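Hi there,

Here is the structure I promised to pass along. Have a look first, and my notes on a few residues follow below.

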Amino acid sequence: MFPLLPLRRAATLTATLGLAAAAAVHLEPPASASLQGSGNARRIFIDAGHGGIDPGAIGNGIVEKELNLEVALRLRDLLEADTADPSGGGEWEVRMTRTDDATVSLSNRTTEANNWPADRFVSIHHNAFTSSIASGTETFSFANGTQGADLRDRLQEELLTAMGFVDRGPKTANFFVLRESLMPAALTEAGFLSNPGDAAALAAPGAVEALARAHLFGIQRHYGLAPHLPVSGPSTYCF
């Protein structure tokens with residue numbers, strides 16, 4: 001088992017499907033388009049994967065739907081704290097797929113984000129495989145060369161820094177929430193619950209905070225902002 005690696009920004013601090021992106025029409029603009037949101041505050045839709053009757057992956061004592069929600073809720077708190085903090089970071093409006101153990105269909109997830117409308121869609125997941133050897137971090141977008149791909153890449157980099165897992169790389173996939181969201185979207189798979197090393201790190205004290213901060217920093221960098229940990233607002237985790 002591997003301990004949780006120390007955060008390198010402490011001061012600012014399921015199965016892998018491997019599907020190729022479908023050759024379907026997708027309305028997401030190219031990566032060269034402006035990264036500005038719909039106003040001063042960018043609208044971030046956080047999708048805590050699975051929930052309710054769908055537990056997601058289960059491995060080494062961890063239930064994916066529960067970990068996804070913990071990270072999503074903490075990310076929401078950090079984005080709200082960032083908005084309230086005038087010393088750096090950005091301004092955000094946040095909505096979530098779910099805030100408790102609710103069953104939410106894939107179509108409802110994207111419909112809510114599209115109807116808002118959100119500026120970015122971030123889906124939080126954790127992986128599993130039939131072999132416990134599989135390990136590491138991978139992050140998905142629907143296609144390469146898009147704003148979604150840029151968001152994907154920034155999230156992948158930050159998750160690798162936070163957790164120190166094997167780099168499985170940024171990828172494309174025809175996942176429903178990536179295909180049907182009308183805004184740039186990314187789906188993270190921070191580690192494998194089926195791998196003893198990854199699972200031990202994901203269950204360690206501070207892991208939820210590290211994962212949430214990685215998502216925050218990735219979103220900030222995607223918008224051209226320096227990674228910034230809010231100095232005010234909700235603070236329920238410590239090291």
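Histidine 50 sits in the loop between β1 (42-48) and β2 (58-59). Please keep in mind that this is a predicted model. With a relative accessibility of 15%, histidine 50 counts as buried, because the cut-off for that label is under 20%. One is the side chain of aspartate 54, joined to histidine 50 by a polar contact of 2.8 Å. Another is the side chain of glutamate 64, where the polar contact with the histidine 50 side chain is 3.2 Å.

Next, aspartate 82, which belongs to helix α1 (residues 64-84). Aspartate 82 is buried but forms no salt bridge. How far away is the nearest side chain of opposite charge? That side chain is arginine 42, at 8.6 Å. Setting aside neighbours within four places in sequence, the residues in contact with aspartate 82 include Gly88, Gly89, Gly90 and Trp92, and also Leu216, Gln220, His228 and Pro230.

Leucine 211 is buried, its relative accessible area being 0%. Apart from residues up to four places away in sequence, leucine 211 touches Val71, His126, Leu159, Met163, Ala190 and Leu202. For glutamate 158, which lies 53 residues from leucine 211 along the chain, the C-alpha separation from leucine 211 is 8.8 Å.

Best wishes

Notes:
Residues are numbered from 1 along each chain as its sequence is written. This is a predicted model: local features need pLDDT of at least 70, side-chain atom pairs count only at pLDDT 80 or more; totals for chains, interfaces and linings use all residues. Side-chain values use heavy atoms; hydrogens and water are left out. Buried means under 20% relative accessible area, exposed over 50%, partly exposed in between (1.4 Å probe, protein chains only). Contact means heavy atoms within 4.5 Å. Helices (H or I, at least four residues) and strands (E, at least two) are DSSP runs, numbered from the N terminus. Lys and Arg count as positive and Asp and Glu as negative; His and the chain ends are not counted. A salt bridge is a side-chain nitrogen of Lys or Arg within 4 Å of a carboxyl oxygen of Asp or Glu. A polar contact is a pair of N or O atoms within 3.5 Å; within protein, one must be able to donate a hydrogen and the other to accept it, and residues adjacent in sequence count only if both atoms are side-chain atoms.
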